[in-house]
Every structure is written in C-alpha cells, then in structure tokens.
Amino acid sequence: MKTVAVVGLGKFGYYIAKSLSKLDVTVIAVDNNEQRVQEISEYIENAFVLDSTNKHALEEVGIVELDTVIVSIGENIEASILSVMALKDLGNKNIIAKAITTTHGEILAKIGASKVVHPEKMAGRALVKNLVENINFEKIDLSNSMRIIKFIAPPNTVSKTFKEIEIKTHDAKLIAYKSSGEWFTDLENNHKIKEDDLLAYLGDAKKIESFYDELSKL
C-alpha cells in the first residue's frame with residue numbers, strides 16, 4: 001500500500017489529508033498545532049504533532065524516502081522552505097508544495113519541490129487529482145486487455161444515480177462503489193452518488209481511462 005505524507009493541516013492540508021484517507025493509501029499527517037492534529041486524527045491513524053523543519057522528527061514518524069509528500073504550510077514561508085529542504089534531505093521523491101506567492105513558489109522549486117501549487121487558483125474536487133496522480137485515480141490491470149479503475153466521484157456526478165451517468169459509448173462496467181466508508185456491490189438500487197464516494201469500473205484497458213475523462217465532462 002502506498003504511503004503519502006501531508007505536512008501542514010490548515011484548510012488546504014486538512015482537505016487533502018481527509019480526501020486521501022478515503023483511498024487505498026496510508027496517510028501520515030503532521031502539524032505543529034495540536035488541535036489540528038486532533039481534528040484530522042478522526043480520519044487518520046498516523047497523525048503527529050511535530051516541527052516539520054526538524055529532520056529527526058520527520059524521520060521518527062516515517063517520512064523518509066516516500067514517493068509523495070505534500071507540504072501545505074500556511075503563512076510561514078520560512079517554515080515552508082525549511083520543511084521542503086528537510087524532506088529533500090530525507091530522500092522523499094515527489095515533494096508537492098503549496099506556495100503563497102509567485103516568489104515563494106519559485107524558491108520552493110529551486111530547493112527541490114517537484115511541483116508547486118497555488119491552491120487558491122485551483123477549484124473543487126479536481127484538486128487531489130491534479131496534486132497526486134494515480135492516488136485518487138488508481139489503475140489495476142487484470143490482464144493485457146482488462147483494467148479496473150477506482151476514483152473519487154467527479155463533482156458533476158454528485159446527487160445523480162448510476163443510470164444517469166451511464167456512458168453508452170464506452171464498455172465500462174461499474175462493479176462496486178464505496179460510500180460512507182462501506183463498499184457495496186449491489187448496483188441495482190437507486191443510490192444517489194455522494195461527495196467523496198469512490199467508484200470502481202471494469203473495462204477495456206485501452207479505453208477505460210478516457211471513460212473517466214468523459215464522465216467528468218457530463
């Protein structure tokens with residue numbers, strides 16, 4: 001199971017950590033504010049109060065050589081920069097960092113951030129997909145010709161039934177969905193898709209990813 005760390009649990013970081021907790025990944029969430037850590041611990045088991053500029057503290061909670069770390073530190077630009085430097089020194093590979101200003105973003109990129117984001121310019125549920133490719137959109141190859149894709153329901157599908165979002169031009173079959181923390185395979189009911197529902201589809205390996213793109217445009 002993939003492990004992702006979220007450093008900084010303000011509004012942006014909290015949203016990302018909570019969204020990731022609904023997927024098949026292990027999430028480590030850290031902040032120097034005890035109240036924020038307590039709030040996210042309702043959803044995430046590995047939540048810690050620590051100073052993210054301290055390499056030893058990061059190492060102790062397992063934020064070492066991870067594939068993806070998201071740095072979402074608020075107005076403290078110095079802490080943001082020092083945290084990215086510490087994470088880089090610990091061998092973390094894909095460091096995605098929130099920037100407050102253009103200059104802040106340029107500095108983060110120069111010191112090793114793989115990607116810099118300006119969350120105020122990004123909208124809605126597309127946020128997680130833009131940040132962490134293949135986490136909120138997971139692919140499972142069953143064979144050379146068959147693939148399962150799992151993804152968080154796009155915003156435009158919320159409050160619709162599965163019949164209403166059916167796309168007849170694709171041979172994609174809904175095989176299960178996760179809602180309110182529970183998986184369901186009974187797909188003949190009138191379930192209305194909720195925000196944060198996780199959908200699983202089976203289909204042709206070459207076509208099924210374009211099904212997701214078309215679904216998002218409905």
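Biologist: In this predicted model, what makes a set of residues the largest nonpolar core, and which of them have the most contacts inside it?

Modeller: The largest nonpolar core has 24 residues, and those with the most contacts inside it are I63, V69, V71 and L87. Such a set is called a core because its members are buried nonpolar residues joined through side-chain atoms within 4.5 Å. The elements that give two or more residues to this core are the strands β1 (2-7), β2 (25-31), β4 (68-71) and β5 (94-98), together with the helices α3 (55-60) and α4 (77-89), and α4 gives the most, with 5 residues.

Biologist: Which residues are in contact with I63, once its neighbours within four places in sequence are left aside?

Modeller: With those neighbours left aside, I63 is in contact with A5, I28, V30, L58, V69, L87, L90 and N92. A second, separate core of 20 residues includes L20, I44, A47 and L198.

Biologist: Why is E39 called partly exposed?

Modeller: The relative accessible area of E39 is 38%, and because buried means under 20% and exposed over 50%, a value in between is called partly exposed. E39 has its place in helix α2 (residues 34-40), and its C-alpha atom is separated by 8.7 Å from that of Y14, 25 residues apart along the chain.

Note on methods
Residues numbered from 1 in each chain as written. Predicted model: local features only at pLDDT ≥ 70, side-chain atom pairs only at ≥ 80, totals over all residues. Heavy atoms only, no water. Helix = DSSP H or I, 4+ residues; strand = E, 2+ residues; numbered from the N terminus. Buried < 20%, exposed > 50% of the residue type's maximum accessible area, 1.4 Å probe, protein only. Contact = heavy atoms within 4.5 Å.
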